Amino acid sequence: MLKTDFVTWALVRLCQASLRISNNIILKEIKQISSQNTVQAAQSQFNTMYFSKSDRLRKRAHKIISGGYHTHAKGNDQYPQNTLGFICKGEGCHVTDVDGNEFIEYCMGLRSETLGHERIAQAAYEATLRRSNFLRPSPIEVQLAETMLSLLAYGAMIKFGKNGSEVMMAAIKLARAYTIRDIVAVPSSQASFSVDDWFIGTTAMNAGIPQQVQDLTTHFKYNDIDSVKALFDRHPDEIACLIMEPAKYDPTKDDFLHRTKELCRQYGGLFILDEIITKFRWDLNGAQHFYDIDADLSTFGKAEIMEAGGIKYNKERVFLLSQSFGTVTSSMAVALETIQIYQEENVVDYMWDIGRKLEQGIKEIVKELKFGGYFTINGYPCAWYSVPMTKTNNTQKSSVRFLFRKQLSKAC
Ligand SMILES: Cc1ncc(COP(=O)(O)O)c(C=O)c1O
């Protein structure tokens, strides 16, 4: 479970970050609001951090691993220099890097972990002792499917995958097969759906992806129903599906989700909700329950469509998902144990509550330090995003973001 000292820690870090920040653009203002001594003391504390083992590992990694990482969000280009590079262990939300510095990891497991609980590790261990992968399915697959569906008012059928990208790809394949259409649309403001060509082809890193594939994904604006209408007008009878996270940065407004779904019904595209982040944060029953809306496909799908990937389907079948390591029992046991803990400890309410406190505290500190022009916080209390920024230009904006990250990457 997240530690209760987290809020205090994060506020202190933000406060220190604000005071220690050394960027010329804003140092003048910071100095005006804090004494010279405080800035110097904070800077000398900053300079005592060592990352020599991380640095050596970074060099080794870059020689033999393309990019030096296996997950984009963990890459060195995402973090400032002279900060932690490799984390070797964790307990709860506390982690230790290879140099022995200790940190609190806010974004646990890239937001995939919310518990960090010993019971989870124990469940995985016990399942592994019984061997975790067999020639035929294990009963735990049925047990987990039933449990997951019992948490989703609208779900009727499920298929497990190993990661978000492949289940998104599976949803698109089903949508294309079901509608006999090719084009997929996503909101331009939501930036992570998949590592696969259908999505990465729309980003700046689209090398190696054929133009024909890139042309099959297009955009609309979240919260802007006119942009959804315009999309259907631009591509009549071509849209296989609209995909979106139910919510991310901006609060949903003007009944956007329901009105978008209505347009999908009217024009024949499927309405797909990506609940990879929201499912276990907004509500144990998913953001769909929170917003009282059902999707045609999300992490879960309606039987009619999902059966296209089944063996009882009498039309052309979709090869949906199939991996040798897809349903190892240790992963299934972890999922079951996680749900159990969520139910016993009311984890979702706790996350909303602690998120609200954190947001409130940060806003007070930002106001007190007159830092408002440089820092905004958006998202939802159960999954907020901070966006340090300046009033000036983009280069300065990203340099402040880097500095902010650097300050947050200090040991506790
Ligand atoms: C909302 C959302 N959907 C899908 C994905 C892709 O998931 P994965 O990294 O497991 O492939 C991500 C990853 O960050 C995500 O945030």
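## Overall picture

The protein has 17 helices and nine strands, where helices (H or I, at least four residues) and strands (E, at least two) are DSSP runs numbered from the N terminus. This is a predicted model, so local features need pLDDT of at least 70 and side-chain atom pairs count only at pLDDT 80 or more, while totals for chains, interfaces and linings use all residues. Residue numbers start from 1 along each chain, following the sequence as written.

Of the 412 residues of the protein, 29% count as buried. Buried here is a matter of counting: 20 or more other C-beta atoms within 10 Å of a residue's own make it buried, 12 or fewer make it exposed, and anything in between is partly exposed, with C-beta atoms placed from the backbone. As for contacts (C-beta atoms, placed from the backbone, within 7 Å), residues 24 or more positions apart account for 69% of those with a separation of 6 or more.

The predictor's confidence in each residue, pLDDT, runs from 0 to 100. Its mean over the protein is 81, and 78% of the residues reach 70 or more. Residues 1-12 have pLDDT below 50, and the stretch makes 22 contacts in the model beyond near neighbours in sequence. Residues 15-46 also have pLDDT below 50, with 38 such contacts.

## The cores

A nonpolar core is a set of buried Ala, Val, Leu, Ile, Met, Phe, Trp, Tyr and Cys residues joined through C-beta atoms within 7 Å. The largest one holds 38 residues, and those touching the most other members are A171, L174, A175, V184, C241, L242 and I272. Two or more residues each come from helix 7 (164-179), strand 4 (183-187), helix 8 (197-200), helix 10 (225-234), strand 6 (239-244) and strand 7 (270-273). Helix 7 is the top contributor to this core, with nine residues. There's also a second, separate core of seven residues, including A123, I140, L144 and M332.

## Helix 7

Helix 7 has V167, M168, M169, A170, A171, I172, L174, A175 and A177 as its buried residues. Just after the helix, I180 takes a positive phi of about 55 degrees.

## Around the ligand

Which residues are around the ligand? They are N163, G164, S165, M168, S192, F193, S194, V195, E245, D274, I276 and I277, taking a residue as near when its C-beta atom, placed from the backbone, lies within 6 Å. This shell divides into five nonpolar, five polar and two charged residues.

## Helix 15 and its partners

Helix 15 (residues 329-345) has 17 residues, which at 1.5 Å a residue should span 24 Å; its end C-alpha atoms are 24 Å apart, which agrees. T329, M332, A333, V334 and E337 are buried in this helix, and the buried residues of helix 15 pack against helix 5 and helix 6. M332 also belongs to the second core. After helix 15 comes N346, with a positive phi near 50 degrees.

F134 sits in the loop between helix 5 (118-129) and helix 6 (139-150). F134 is exposed because it has 11 other C-beta atoms within 10 Å. F134 and V328 are 194 residues apart in sequence, yet 8.3 Å apart in space, C-alpha to C-alpha.

## Helix 16

E359 is in helix 16 (residues 347-368). Is E359 buried or partly exposed? With 18 C-beta neighbours inside 10 Å, E359 counts as partly exposed. Leaving aside neighbours within four places in sequence, E359 contacts I377, P381 and W384.

## Positive phi in loops

Most residues other than glycine have a negative phi. L110, not a glycine, has a positive phi of about 55 degrees. L110 lies in the loop between strand 3 (102-104) and helix 5, and counts as partly exposed with 13 C-beta neighbours inside 10 Å.

D254 is another non-glycine residue with a positive phi, near 50 degrees. D254 is in the loop between strand 6 and helix 11 (256-267), and D254 is exposed, with 10 other C-beta atoms within 10 Å.

Note on methods:
Ala, Val, Leu, Ile, Met, Phe, Trp, Tyr, Cys and Pro count as nonpolar, Asp, Glu, Lys and Arg as charged, and the others, Gly among them, as polar. Two residues are in contact if their C-beta atoms, placed from the backbone, lie within 7 Å. The expected span of a helix is 1.5 Å times one less than its number of residues.
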